[in-house]
Amino acid sequence: PMYVYKTKPTVTNVALPTTVLSNGTQTIYQYTVTADAAGTIAWRQVKFNVATTTVTASTFKLYDSANQSTELANTTCTLAGSTVTCVSTQDQEVSGSKTYVLKALIAGATTNSSISVNIPTGVTTFAAPNTAAAVSAASSFTWSDESVVPHSATSADWNSDYLVKNLPTDSLTMTK
């Protein structure tokens with residue numbers, strides 16, 4: 001089958017500033033979202049798998065790499081089990097490329113502690129575009145090509161992570 005979109009995203013890992021794990025607020029994952037040359041994409045949700053060994057990670061926050069002093073506006077990250085879900089109440093638009101940084105508060109880092117993070121694939125079959133809320137339940141990356149005018153969270157142009165290039169991503173790991 002062939003699926004046609006106005007534009008499409010690519011998600012790519014970015015190397016961590018350090019792979020040495022220590023206590024305190026740490027950058028635990030970085031990735032770039034790139035829209036193809038056909039136009040701007042928007043996203044509303046991204047999920048991360050987080051695996052830890054003898055360390056506690058909490059207080060997850062997502063940042064635009066261009067401004068790491070202030071967390072991404074209108075975006076909240078929550079941990080449930082081993083999944084961190086970052087949800088935005090507004091479109092996070094990407095024209096060209098934008099790099100994002102996931103930070104967490106690390107506690108209890110001792111010798112042989114580690115944390116590994118990646119963006120998984122949540123959806124394995126095609127589903128027609130729908131509203132952001134309808135798509136987000138199963139998807140690890142909820143995005144739109146903004147093809148419906150007017151575009152909003154309730155327009156039926158939101159897509160799951162199915163066939164998003166590079167998903168699932170490789171894990172980025174920090175160790176002590």
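Search the whole structure for aromatic pairs and you get 8; a pair here means that ring centres of Phe, Tyr or Trp (its six-membered ring) lie within 6.5 Å, with planes under 30 degrees apart called stacked, over 60 edge-to-face and the rest tilted. One of them joins tryptophan 43 and tyrosine 100, edge-to-face, at 5.4 Å centre to centre and 90 degrees between the planes. Tryptophan 43 sits in strand 3 (residues 41-53) and tyrosine 100 in strand 7 (residues 97-107), so this pair ties together parts 57 residues apart in sequence. Strands are DSSP runs of E, at least two residues, and helices runs of H or I, at least four, numbered from the N terminus.

Keep in mind that this is a predicted model: local features need pLDDT of at least 70 and side-chain atom pairs 80 or more, while totals for chains, interfaces and linings use all residues. Residues are numbered from 1 along each chain as its sequence is written, and side-chain values use heavy atoms, leaving out hydrogens and water.

Now for the largest pocket, with a volume of about 370 Å³. A pocket is an open set of points on a 1 Å grid where a 1.4 Å probe fits, with protein on both sides within 12 Å along at least five of seven lines; lining residues have an atom within 4 Å of a point. The volume is the space filled by probe spheres set on those points, which are joined across faces, edges and corners. The lining has 21 residues, with Tyr5, Trp143, Ser160, Tyr162 and Leu163 nearest the centre.
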